[in-house]
Amino acid sequence: MTDQETIAVYDAQIDSYVELVKRESAHPSLVDFIAQIEPGGYVLDLGCGPAIASAAMRDHGLRVDPVDASAEMVRLANANYDINARQAVFNELNVVDVYDGVWANFSLLHASAAEFPVILSAIHDALVSGGYFHIGMKTGNGSARDSLGRLYTYYSATELSEHLKAAGFAIEKTKTGEQRGLAGEVEPWIVVGSRAARMS
Ligand SMILES: C[S@@+](CC[C@H](N)C(=O)[O-])C[C@H]1O[C@@H](n2cnc3c(N)ncnc32)[C@H](O)[C@@H]1O
């Protein structure tokens with residue numbers, strides 16, 4: 001279930017959030033993701049925020065479907081980029097063989113532990129066979145609200161990799177680091193690139 005308190009924080013803190021991520025259009029993970037998708041490929045930006053990544057993907061010739069639960073994020077994305085961002089929550093994803101790639105950058109950390117495996121499975125179903133999946137998460141354990149009120153569920157690198165494999169993904173690359181987030185804390189993160197297993 002979508003945590004409305006988390007969404008309210010993004011609605012209210014949108015200017016600070018954009019300030020934090022505005023230089024991310026050339027982030028190495030995004031450049032790498034774009035290189036994984038054939039020109040003209042169709043990408044779901046799940047929990048797109050202000051859709052900076054979607055705009056960069058479109059600039060590189062991809063077709064994008066940016067979705068986010070926050071009405072303010074969607075409004076700003078469309079005002080800035082005229083990019084057909086739409087308001088939807090993770091659990092609404094219910095399509096098969098549609099996307100060549102899914103970019104879920106630091107968004108699924110707001111999915112509950114119970115819904116996380118279900119959403120990963122829905123992402124796998126939504127990808128074409130061999131489609132590419134990028135996920136960015138903060139690492140740790142358990143669930144907690146940060147000082148702004150956003151609800152997170154944390155995983156270790158091992159747990160995340162087990163969840164991805166259980167959903168049918170073959171992991172291709174993993175990168176870890178630390179960064180100061182919107183709440184001001186320096187926190188560890190992980191990004192994983194994986195591929196939806198090909199059906200024979
Ligand atoms: C940390 S931001 C990441 C935004 C963007 N992917 C980026 O890299 O800048 C998390 C985003 O997930 C969205 N979000 C949180 N819960 C969601 C849900 N249940 N369904 C869809 N989006 C959600 C928030 O509104 C927010 O825009």
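The legends below describe close-up views of a predicted model.

Local features are taken from residues with pLDDT of at least 70 and side-chain atom pairs only at pLDDT 80 or more, whereas totals for chains, interfaces and linings use all residues. Residues are numbered from 1 along each chain as its sequence is written, and side-chain values use heavy atoms, with hydrogens and water left out.

**View 1**
Strand E5 (residues 127–138) runs antiparallel to E9, the two being paired over 7 bridges; in E9, Val-192 is the bridge partner of Ile-135 and Val-191 that of Gly-136.

**View 1. Strand E9 and the hairpin with E8.**
E8 and E9 pair in the antiparallel sense over 11 bridges, and the bridge partner of Arg-180 in E9 is Val-186. The hairpin of these strands has 5 residues between them, and there Gly-184 takes a positive phi near 95°. Because 8 of the 11 residues of E9 are buried, the strand is largely enclosed by the rest of the structure; buried means under 20% relative accessible area, exposed over 50%, and partly exposed in between, with a 1.4 Å probe and protein chains only.

A nonpolar core is a set of buried Ala, Val, Leu, Ile, Met, Phe, Trp, Tyr and Cys residues joined through side-chain atoms within 4.5 Å. The largest one has 40 residues, and those with the most contacts inside it are Leu-108, Phe-116, Ile-123, Phe-133, Ile-135, Met-137 and Leu-160. Helix H6 (residues 116–126) gives the most to this core, with 6 residues. A second, separate core has 19 residues, among them Leu-30, Ala-53, Met-57 and Val-74. Contact here means heavy atoms within 4.5 Å, and Phe-116 touches Leu-108, Ala-111, Ile-135, Met-137, Tyr-155, Leu-160 and His-163, not counting residues up to four places away in sequence. Met-137, placed in strand E5, is buried with a relative accessible area of 1%. Leaving aside neighbours within four places in sequence, the contacts of Met-137 include Phe-106, Thr-153, Pro-188 and Trp-189. Met-137 and Leu-160 are 23 residues apart along the chain, and their C-alpha atoms are separated by 8.9 Å.

**View 2. The packing of helix H6.**
The buried residues in H6 are Phe-116, Ile-119, Leu-120, Ala-122, Ile-123, His-124 and Ala-126. The buried residues of this helix pack against strand E1 (42–46), strand E4 (99–105), E5, helix H7 (157–166), E8 and E9.

A search of the whole structure finds 1 cavity of 30 Å³ or more, and the largest cavity has a volume of about 850 Å³. Of the 47 residues that line the largest cavity, the closest to its centre are Tyr-10, Tyr-17, Asn-105, Phe-106 and Ser-107. On a 1 Å grid over the protein atoms alone, a cavity is a set of points where a 1.4 Å probe fits but cannot get out, and lining residues have an atom within 4 Å of a point; points are joined across faces, edges and corners, and a volume is the space filled by probe spheres set on them. Strand E9 (residues 186–196) gives the most to this lining, with 4 residues. By class, the lining has 26 nonpolar, 12 polar and 9 charged residues, where Ala, Val, Leu, Ile, Met, Phe, Trp, Tyr, Cys and Pro count as nonpolar, Asp, Glu, Lys and Arg as charged, and the others, Gly among them, as polar.

**View 3. Ile-14 in helix H2.**
Ile-14 lies in helix H2 (residues 14–21) and is buried, with a relative accessible area of 7%. Apart from neighbours within four places in sequence, Ile-14 is in contact with Glu-72, Met-73 and Leu-76.

**View 4. Two loop residues with positive phi.**
Most residues other than glycine have a negative phi. Ala-51, in the loop between E1 and helix H4 (52–59), has a positive phi of about 65° although it is not a glycine, and Ala-51 is buried at a relative accessible area of 0%. Asn-84, in the loop between helix H5 (71–81) and E3, likewise is not a glycine and has a positive phi of about 60°, but Asn-84 counts as exposed at 64% relative accessibility.

Technical notes: 1 Å grid on protein atoms, 1.4 Å probe; cavity = no way out; pocket = protein on both sides within 12 Å on 5 of 7 lines; lining within 4 Å. Pairing = 2+ DSSP bridges.
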